[in-house]
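Open the model in your viewer and keep the selection tool at hand. This tour moves from stop to stop.

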Amino acid sequence: MAHPQMFDDDDPQLARLRKVTLSLPGVQEKVSHGRPAFFTKKIFAYFGGTRKLVTGEMEQHPQALLILPDPMDAEVLMERPDAFVPMYLGPTGWIGLELETLGEDDLSDLLTDSYRNTAPAGLVRELPAKD
């Protein structure tokens, strides 16, 4: 059974995300589990996510960015008030952040880091050198 679409294709936050992700080498977009996902060989970013609360209730984050940061960066990112551990992906190191709280430089840096953690080495070499 297909998942229902869980996003508005005209969402300005999705447009911001697409602008950065699709500028990276070899990136494509697909809908996975009802949400936009950005990938090369592996997915490195999702638009929107869900967090399961300790009460068992589900909390939707429709305009969140889900990324796979370096484990060393994950601890620092989780200190942000807008950070959350997304359902299903959280145990493997993924983190959710609200897109509206991210400036353009932060957004670009976070996406590039997640891309570096998942993309094939040949594509990563096409990126500008990391500062």
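Select Y88: does Y88 count as buried or exposed, and at what relative accessibility? Y88 is exposed, at 74% relative accessibility. Bear in mind that this model is predicted.

Stay on Y88 for its backbone. Its phi is near 65 degrees, a positive value in a residue other than glycine. Y88 belongs to the loop between β5 (83-84) and β6 (95-98).

Now go to H33. This residue is not a glycine, yet its phi is positive, about 55 degrees. Look for H33 in the loop that runs between β1 (28-32) and β2 (35-39). With a relative accessible area of 53%, H33 is exposed, because the cut-off for that class is over 50%.

Next, show the side chains of K30 and F39. K30 lies over the face of F39. Its distance from the ring centre is 4.8 Å.

Then turn to aromatic pairs. How many does a search of the whole structure find? The search finds two. One of them is F44 with Y115.

Zoom out to see which parts of the chain the pair links. F44 is in strand β3 (residues 43-52), and Y115 is in helix α3 (residues 104-118).

F44 is buried, with a relative accessible area of 0%. Y115 is buried too, also at 0%.

Note on methods. Residues are numbered from 1 along each chain as its sequence is written. This is a predicted model: local features need pLDDT of at least 70, side-chain atom pairs count only at pLDDT 80 or more; totals for chains, interfaces and linings use all residues. Side-chain values use heavy atoms; hydrogens and water are left out. Rings of Phe, Tyr and Trp (its six-membered ring) pair if their centres lie within 6.5 Å; planes under 30 degrees apart count as stacked, over 60 as edge-to-face and the rest as tilted. Helices (H or I, at least four residues) and strands (E, at least two) are DSSP runs, numbered from the N terminus. Buried means under 20% relative accessible area, exposed over 50%, partly exposed in between (1.4 Å probe, protein chains only). A charge sits over a ring if NZ of Lys or CZ of Arg is within 6 Å of the ring centre and within 35 degrees of the ring normal.
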